[in-house]
Amino acid sequence: MKNIIQLDKSIQEKSVELERWFGEQKKNLELPMYSSYDIRNSNYKAVVIDSNAFPAGFNNICDDSFPIAEAAIKSFIASNFSGALNVGIISELTNNPHYYDNIAVIKELFEKSGLNVKIGSIEKPVNDKVSSFSKGDIKIEQFLRKEDKVVLGDFDPDFIVPNNDFSSSDISILAGVKQPITPNFNLGWFKRKKHYHFKVKNELLKEIAKILGIDRWLIGAYYEYAEEVNFKKRENFDIIARKIDECIAQVQSKYNEYGIKELPFVFVKGSASTYGMNAIPFRSGREFLNINSKQRAKMHKSKGGKMVSEVLIQEGIVTRDVVDNKVAEPVVYCIGDKPIGGFFRANEEKNERENLNATGMTFASNLFCPPAFRENKTFEGSNITAEKIRVYAFLARLGVIAVGKELEGLK
């Protein structure tokens with residue numbers, strides 16, 4: 001069994017072959033302008049557990065990552081929208097001021113990359129300015145349809161960048177527009193499903209595992225899927241319980257193979273949910289059948305009040321990362337297929353088996369700053385190493401390819 005240090009060594013030794021594989025995969029593939037990847041590292045395996053094609057949280061990345069991001073933005077535009085100067089960002093409308101810090105940072109990154117930027121919404125804003133947490137007021141206009149384009153007043157974007165996952169938005173205004181839209185709006189949660197993403201990714205992991213000479217399970221996770229679910233009425237709970245037990249049996253078999261002395265568990269997640277919503281760990285199908293009313297209410301509806309009718313049953317990955325003496329997990333941000341930075345999500349109110357994307361979470365970006373992982377710095381209260389950061393960046397690159405492949409099946 002390979003630990004994280006050995007996995008990093010294998011990646012370095014196979015770098016030429018791996019870069020050739022990435023190059024072949026990217027051919028004729030529509031990659032998102034940006035994306036982010038939540039990762040869990042249990043020391044014996046490291047896995048991308050969630051991917052976001054419309055990531056918020058850019059305000060949490062390290063300032064030292066900005067030059068890397070700006071260079072990646074320039075490269076992405078040169079490769080995909082040569083000559084483009086004007087970009088329109090589609091913002092969500094929310095009461096969360098931290099979200100608007102994220103929008104302000106995205107705008108700043110684009111502007112430093114030489115672009116003219118305006119922010120808008122596909123819904124009508126209540127006010128033309130919103131308050132961010134620390135970046136001041138932000139002007140938000142409404143996108144309007146003008147023949148085969150969307151515009152913001154007299155500002156005509158060369159391309160559109162959504163920062164809206166379209167969980168509850170009417171996207172009809174974007175249908176058939178002439179301007180490129182990246183990330184593609186078909187990756188929105190009105191259409192995208194987590195279980196399909198993992199199906200696509202697991203096929204890619206077969207190829208990567210073969211190159212690295214490792215068991216695919218060491219960088220992937222078992223999963224099951226259930227549909228026609230109703231948490232309020234407890235519909236098809238017996239199917240979910242059976243599939244939980246099937247998934248746990250698969251994991252236990254691997255634990256036996258590798259001599260891992262832990263209790264396997266799964267997360268049951270809404271298959272079209274985001275922001276860590278609708279994710280609860282279970283140790284057995286029986287435990288799921290005893291779900292209480294509070295947990296059922298949590299699972300019943302996702303962002304925007306949309307009812308959860310499909311669930312992903314995903315192998316639970318224990319996280320062994322520690323930051324500021326708190327249990328933590330890395331989140332890696334990419335521009336195109338280039339990792340540009342990230343942060344660690346820490347949560348002192350949760351343990352290593354729970355969902356950290358919840359009340360009580362904090363963010364630490366210093367460990368993802370380029371100087372930190374170039375110079376092999378160590379930090380008090382942390383077990384993060386340069387090898388871990390490199391592995392996390394590699395796994396995020398795999399995630400980008402998986403999102404591109406997934407999009408092919410969603411268009």
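Mentor: Helix α1 passes helix α10 in a left-handed crossing. The model is predicted, so local features need pLDDT of at least 70, side-chain atom pairs count only at pLDDT 80 or more, and totals for chains, interfaces and linings use all residues. Residues are numbered from 1 along each chain as its sequence is written, and side-chain values use heavy atoms, with hydrogens and water left out.

Trainee: What makes a crossing left-handed?

Mentor: The near helix is turned anticlockwise from the far one by less than a right angle; clockwise would be right-handed.

Trainee: Why are α1 and α10 called oblique?

Mentor: The axes of α1 (residues 4-13) and α10 (residues 386-410) come within 9 Å and cross at roughly 60°. Angles under 35 degrees count as roughly parallel, over 145 as roughly antiparallel, 65 to 115 as roughly perpendicular and the rest as oblique. The two helices are therefore oblique to each other.

Trainee: Which residues make the contact?

Mentor: Contact means heavy atoms within 4.5 Å. I4, I5, L7, D8, I11 and Q12 of α1 meet E387, K388, R390, V391 and F394 of α10.

Terms used:
Axes fitted to C-alpha atoms, helices over the stretch in contact; angles between N-to-C directions. Helix = DSSP H or I, 4+ residues; strand = E, 2+ residues; numbered from the N terminus.
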